[in-house]
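This report looks at how the parts of one protein chain are arranged around each other. Please keep the sequence and the model in view while reading.

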Amino acid sequence: MTRALIVIDVQESFRARPLWETISDPKIADQVDRLVRLARRAGDLVVWVLHSEPGSGDVFDPALGHVRLMDELRRHDTEPLIHKTSHNAFTTTNLQQLLTEHGVRELTVCGIRTEQCVETTTRVASDLGYRVAFVVDATATNPIPHRDAPAGRSVAELLADPRTLSAEEIIRRTEYALAGRFATITTVGQLEAAAELQA
């Protein structure tokens, strides 16, 4: 086993936030499930990562019950589930040790917050020497308010502000920044087609 699929933060916490209505792909779990099934058929390691902020009192506080995989997803008992408290999936976890123990040298990454947790995990993985495939259509994110925008605004106010960076633009910029430098940019369909050719 030299390859692993890293599923990052595809968790109910995000659905519990008002911003969920602005998510770039509300059916992100379906795309991720396609990748998981593909990885299992190939005999790849599947690692599930959840973001956790114990004691925060918000949707990422495990005490509130939202820090769990999205309901559409099913983890096999043999597949590792790790909890992180940083943006990237390496810094506050044993992910690198886990990958080393399984002889993994190639990663496929997907998940929620395209430009944040998925991107930072990709960059760290690249720095650590892994070959990384960033599955852009199996990521999702929300619009980002301008740095000078007041805190606590409603979703409608966020979307009405012309300075707000749209989710589509965030994904485009992330893809542009990673491509050929930190990762190979790919899609679920491209990976499925490649798997069929190898079968």
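This is a predicted model: local features need pLDDT of at least 70, side-chain atom pairs count only at pLDDT 80 or more; totals for chains, interfaces and linings use all residues.

Residues are numbered from 1 along each chain as its sequence is written, and side-chain values use heavy atoms, with hydrogens and water left out.

**The sheet**

Helices (H or I, at least four residues) and strands (E, at least two) are DSSP runs, numbered from the N terminus. Six strands make up an open sheet with parallel pairing, and their order is 3-2-1-4-5-6; two strands pair if DSSP finds at least two bridges between them. At the edges lie strand 3 (81-84) and strand 6 (184-186), each of which pairs on one side only. Neighbouring strands of this sheet are turned against each other by 25° on average, direction ignored. Strand 1 (residues 3-8) and strand 2 (residues 45-51) run parallel and are joined by five bridges, and isoleucine 8 has valine 49 as its bridge partner in strand 2.

**Helices on the sheet**

Helix 4 packs on the sheet, where it touches strand 1, strand 3, strand 4 (106-112) and strand 5 (131-140), and its direction makes about 175° with that of strand 5. Helix 6 also packs on the sheet, touching strand 5 and strand 6, and the direction of helix 6 makes about 175° with that of strand 5. Axes are lines fitted to C-alpha atoms, for helices over the stretch in contact, and angles run from 0 to 180 degrees between N-to-C directions.

How do the axes of helix 4 and helix 6 cross? The axes of helix 4 (residues 114-127) and helix 6 (residues 167-178) come within 10 Å and cross at roughly 10°. Helix 4 is therefore roughly parallel to helix 6, a term for angles under 35 degrees. On the side of helix 4, the contact (heavy atoms within 4.5 Å) is made by Thr114, Glu115, Glu119, Thr122 and Arg123, and on the side of helix 6 by Ile170, Ile171, Thr174, Ala177 and Leu178.

The table sets out the lengths of two helices; the expected span is 1.5 Å times one less than the number of residues.

| Helix | Number of residues | First to last C-alpha | Expected span |
|---|---|---|---|
| Helix 2 | 15 residues | 22 Å | 21 Å |
| Helix 4 | 14 residues | 18 Å | 20 Å |

Among the buried residues of helix 2 are Ile28, Val32 and Leu35, where buried means under 20% relative accessible area, with a 1.4 Å probe and protein chains only. What covers the buried residues of helix 2 includes strand 1, strand 2 and helix 7 (188-198). Helix 2 is followed by glycine 43, whose phi is positive, near 80°, and helix 4 by glycine 129, whose phi is positive, near 100°.

**Two single residues**

Threonine 108 lies in strand 4 and is buried, with a relative accessible area of 11%. Beyond its neighbours within four places in sequence, threonine 108 is in contact with residues including Arg3, Ala133 and Leu191.

Leucine 95 has its place in helix 3 (residues 95-101) and counts as buried, at 0% relative accessibility. Although leucine 95 and isoleucine 82 are 13 residues apart in sequence, their C-alpha atoms are 7.8 Å apart in space.

Methods:
Angles under 35 degrees count as roughly parallel, over 145 as roughly antiparallel, 65 to 115 as roughly perpendicular and the rest as oblique. Buried means under 20% relative accessible area, exposed over 50%, partly exposed in between (1.4 Å probe, protein chains only).
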